[in-house]
Amino acid sequence: MLALSNSKYSGPNYMSERHGKVVILDGYIQLTEKDEFAYQEMLTHLALCSIPNPKKVLLVGGGDGGILREISRHSSVEHIDICEMDTMVIDVYKKLFPEIAVGYEDPRVHVHIAEGISFVNSAPEGTYDAIIVDAFAPI
């Protein structure tokens with residue numbers, strides 16, 4: 001076990017080294033180190049390649065930073081907001097998965113710690129060219 005922590009939103013977070021590192025939150029597999037790229041790339045590039053020149057993107061969830069990493073590869077994107085409801089999730093991924101959490105280093109990224117529905121509802125209509133949802137709980 002690499003880490004055991006308790007979060008207000010996630011409950012216990014267990015990580016093991018089987019098949020690369022595996023992250024489980026509330027009994028659901030969130031990320032596997034060996035194949036995380038397939039999920040992150042699919043969610044990001046299918047959405048952003050279907051929009052001509054997306055400039056402003058919102059990511060709801062995605063605290064591991066992998067989708068941020070993929071959004072950052074789109075040169076047309078000027079502003080990236082991530083709405084994650086749990087700071088601990090971000091901190092754990094930055095510590096244990098720096099190669100995935102590298103997306104946080106992009107200066108276009110702005111982190112908002114908030115609940116996703118409230119955040120989206122507070123944004124004026126048309127604020128974002130794309131909204132990507134990477135959340136395992138209903139939002």
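Me: Which side chain makes a polar contact with the side chain of Asp64?
Reply: That would be the side chain of Gln40, at 3.0 Å. A polar contact is a pair of N or O atoms within 3.5 Å; within protein, one must be able to donate a hydrogen and the other to accept it, and residues adjacent in sequence count only if both atoms are side-chain atoms. Keep in mind that this is a predicted model: local features need pLDDT of at least 70, side-chain atom pairs count only at pLDDT 80 or more, and totals for chains, interfaces and linings use all residues. Residues are numbered from 1 along each chain as its sequence is written, and side-chain values use heavy atoms, leaving out hydrogens and water.

Me: And which backbone nitrogen does the Asp64 side chain reach?
Reply: The one of Gly66, at 2.7 Å.

Me: OK, where does Asp64 lie?
Reply: In the loop between strand 5 (56-61) and helix 2 (66-71). Helices (H or I, at least four residues) and strands (E, at least two) are DSSP runs, numbered from the N terminus.

Me: Switching to Cys83: buried or exposed?
Reply: Buried, at 2% relative accessibility. The cut-offs are under 20% relative accessible area for buried, over 50% for exposed and partly exposed in between (1.4 Å probe, protein chains only). Cys83 sits in strand 6 (residues 79-84).

Me: Which residues is Cys83 in contact with, leaving aside neighbours within four places in sequence?
Reply: Among them are Leu58, Val60, His112 and Phe119. Contact means heavy atoms within 4.5 Å.

Me: Last one, the whole chain: how many helices and strands?
Reply: The protein chain has 4 helices and 8 strands, in the order β-β-β-β-α-β-α-β-α-β-α-β along the sequence. Of its 139 residues, 45% are buried.
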